[in-house]
Amino acid sequence: MIKLEGVTKIYPRRGQDPVYALNNLSLSVPSGAIHGIVGESGAGKSTLIRCLTALERPTEGKIEIAGKDLTQLSERELRNERRRIGMVFQGANLLDSRTVGQNVAYALKIAGIPAEKRKQRVKELFELIGLSGRETSYPAQLSGGQRQRVGIARALAANPNVLLADEPTSALDTGTTEQILRLLKDVRDRTGVTVVVITHEMSVVRKICDSVTLLDAGRALESKTIEDAVSDPESGLCQKLIPLPEVDLQNLHHETLIDVFFTAHPGEPAGSKVLGLASHLGADIAAGLFETVGKVQLSRLALAIPRETTEHALTALRENGIYAKERLA
Ligand SMILES: Nc1ncnc2c1ncn2[C@@H]1O[C@H](COP(=O)(O)OP(=O)(O)O)[C@@H](O)[C@H]1O
Ligand SMILES: [Mg+2]
């Protein structure tokens, strides 16, 4: 479990007001959860990671990881705790002059694993990441996705309680991203490690996160389970995670555009209910998205509808428990 209480990090600036990179930030992530941190550039994401890895001490507040308050530890104790925190970076940051097996073995050495145990552990880790037998390859002989797998193995070397992933898929193409996300989820399922993912890719959050925090100017603007985050179309997080579909307003089949949002739980119809009603109302579907996020099935559609039936359609949709709002050009 990770718990932040009233964490503030102030950077002084010469001749200017100090920057509150983190401002009274509180949040908690249960053990074994995958938690996403999203926010614009400058929101405080990197500062948060540096505080979580204890590379930096907050100006105020408590940071508890697995029951230990990092802010109360001595430098020496911190060095020990850091071993229990695995880091995954945007690029895998491997040593090019060593084989990938040696890269992981080196992390094991740093973590204090005795030499005679390292070989077996490297083997296990390469099995875990699906790269058995590739230990003797050099980083340059592997693809970007494979290198990132090795980066994950290295982060797991010391059996960490917490895995911090800073933009782990930002340098990868879509297919490779999918594989790395599946691996992170698989690793969590098998080891129970708590994962914090910092990302600007909302698809990453939709696919693997159990919960998510929207950081803004060092504060947690919203912090929710993924199901809650995608269930309220008026919330900032939902608008980021499930953006309005883009529509070319010049080429609509009808004059008015209605944005429709509907969520359902597993086993309940989501898409068919919305589509049935849309068709009944004589609406044309200008754009749409159907996705399952966490345990929620959601539909977001842009319906083109004749001007004269707009009011009727809005009422009919809302009476059926469907969120509907006219989009103004
Ligand atoms: N070492 C530092 N000294 C001064 N200001 C900093 C320092 N690190 C970050 N900041 C400021 O703190 C704020 C948050 O930065 P950062 O954590 O890097 O945000 P993000 O990673 O979300 O882009 C920004 O205004 C940034 O300029
Ligand atoms: Mg940053």
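In this predicted model, aspartate 189 pairs with arginine 188 in a salt bridge, with 2.9 Å between the closest N and O atoms. A salt bridge here is a side-chain nitrogen of Lys or Arg within 4 Å of a carboxyl oxygen of Asp or Glu. Aspartate 210 is partly exposed, at 30% relative accessibility.

Another salt bridge joins glutamate 234 and lysine 325, whose closest N and O atoms are 3.8 Å apart. This one spans 91 residues, from the loop between helix H8 (226–229) and helix H9 (236–241) to strand E14 (residues 323–326). Both ends are partly exposed: glutamate 234 at 46% and lysine 325 at 42%. Lys9, Arg50 and Glu56 are also joined into one network by salt bridges that share partners. The total count is 18 salt bridges.

Arg50 turns up again around ligand 1, in a shell that also has Tyr11, Val19, Ala21, Glu40, Ser41, Gly42, Ala43, Gly44, Lys45, Ser46 and Thr47; a residue belongs here if one of its heavy atoms lies within 4 Å of the ligand. Helices (H or I, at least four residues) and strands (E, at least two) are DSSP runs, numbered from the N terminus. Sorted by class, the shell has four nonpolar, five polar and three charged residues. For that sorting, Ala, Val, Leu, Ile, Met, Phe, Trp, Tyr, Cys and Pro count as nonpolar, Asp, Glu, Lys and Arg as charged, and the others, Gly among them, as polar.

Oxygen atoms of ligand 1 lie 3.2 Å from a backbone N or O atom of alanine 43 and 3.0 Å from one of glycine 44. A polar side-chain atom of serine 46 lies 2.9 Å from a ligand oxygen. Taken alone, ligand 1 exposes 560 Å², and the protein buries 61% of that; accessible areas come from the Shrake-Rupley method with a 1.4 Å probe.

Most residues other than glycine have a negative phi. Alanine 54, however, has a positive phi of about 60 degrees; this residue is found in the loop between H1 and strand E4 (60–65) and is buried at 10%. Glutamate 167 has a positive phi too, near 50 degrees, in the loop between strand E7 (162–166) and helix H6 (174–191), and is buried at 13%.

Overall, the protein chain has eleven helices and 14 strands. Buried residues make up 50% of its 329 residues.

Residues are numbered from 1 along each chain as its sequence is written, with chains lettered from A and ligands numbered from 1 in the order in which they are written. Local features need pLDDT of at least 70 and side-chain atom pairs count only at pLDDT 80 or more, while totals for chains, interfaces and linings use all residues, and side-chain values use heavy atoms, with hydrogens and water left out.

Terms used: Polar contact = N/O pair within 3.5 Å; in protein donor to acceptor, adjacent residues only side chain to side chain. Buried < 20%, exposed > 50% of the residue type's maximum accessible area, 1.4 Å probe, protein only.
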